[in-house]
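Hi,

Here is the structure I promised to pass along.

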Amino acid sequence: MLLAHPAVLAELIDKYEALSLLHAEHGSEEARRRMEDVAYTLCVSTGTTDIDAALAAARSRLLEARPAGDMPAVA
């Protein structure tokens with residue numbers, strides 16, 4: 001399976017979260033359609049079939065793609 005570039009995944013996550021907030025605040029049809037488009041793209045990009053799985057897979061991929069020196073400190 002081809003994997004989306006981490007920068008693409010990060011951008012899609014940001015867009016989905018922003019559109020989700022916009023839709024929650026205003027309930028606009030346009031925001032809902034755009035959110036569905038981004039959700040579909042996230043699903044295709046991660047090889048999943050629902051947005052929750054897509055977001056989890058994208059976030060996991062972003063963690064895997066971090067350089068070793070860029071990991072958060074563990075307390």
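**Salt bridges and layout**

Being three residues apart in helix α2, R32 and E29 are separated by about one helical turn. Their side chains meet in a salt bridge, 2.1 Å from N to O. Keep in mind that this is a predicted model.

E29 has another partner too: it forms a salt bridge with R33, where the closest N and O atoms are 3.8 Å apart. E29 and R33 are four residues apart in helix α2, again about one turn. Through shared partners, salt bridges join E29, R32, R33 and E36 into one network. On accessibility, R32 is partly exposed at 25%, E29 is partly exposed at 42%, and R33 is partly exposed at 43%.

The count for the model comes to five salt bridges. One of them links R59 and E17, with the closest N and O atoms 2.4 Å apart. R59 sits in helix α3 (residues 51-65) and E17 in helix α1 (residues 6-26), so this pair ties together parts that are 42 residues apart in sequence. Both ends are partly exposed, R59 at 36% and E17 at 38%.

As for the overall layout, the chain has three helices and zero strands. Of its 75 residues, 27% count as buried. The chain exposes about 5200 Å², and carbon and sulfur atoms supply 57% of that.

D37 and Y16 are 21 residues apart in sequence, and 9.1 Å apart in space from C-alpha to C-alpha.

Cheers

Terms used. Residues numbered from 1 in each chain as written. Predicted model: local features only at pLDDT ≥ 70, side-chain atom pairs only at ≥ 80, totals over all residues. Heavy atoms only, no water. Helix = DSSP H or I, 4+ residues; strand = E, 2+ residues; numbered from the N terminus. Buried < 20%, exposed > 50% of the residue type's maximum accessible area, 1.4 Å probe, protein only. Areas by Shrake-Rupley, 256 points an atom, 1.4 Å probe, with all protein chains shown as cover. Salt bridge = Lys/Arg side-chain N within 4 Å of Asp/Glu carboxyl O.
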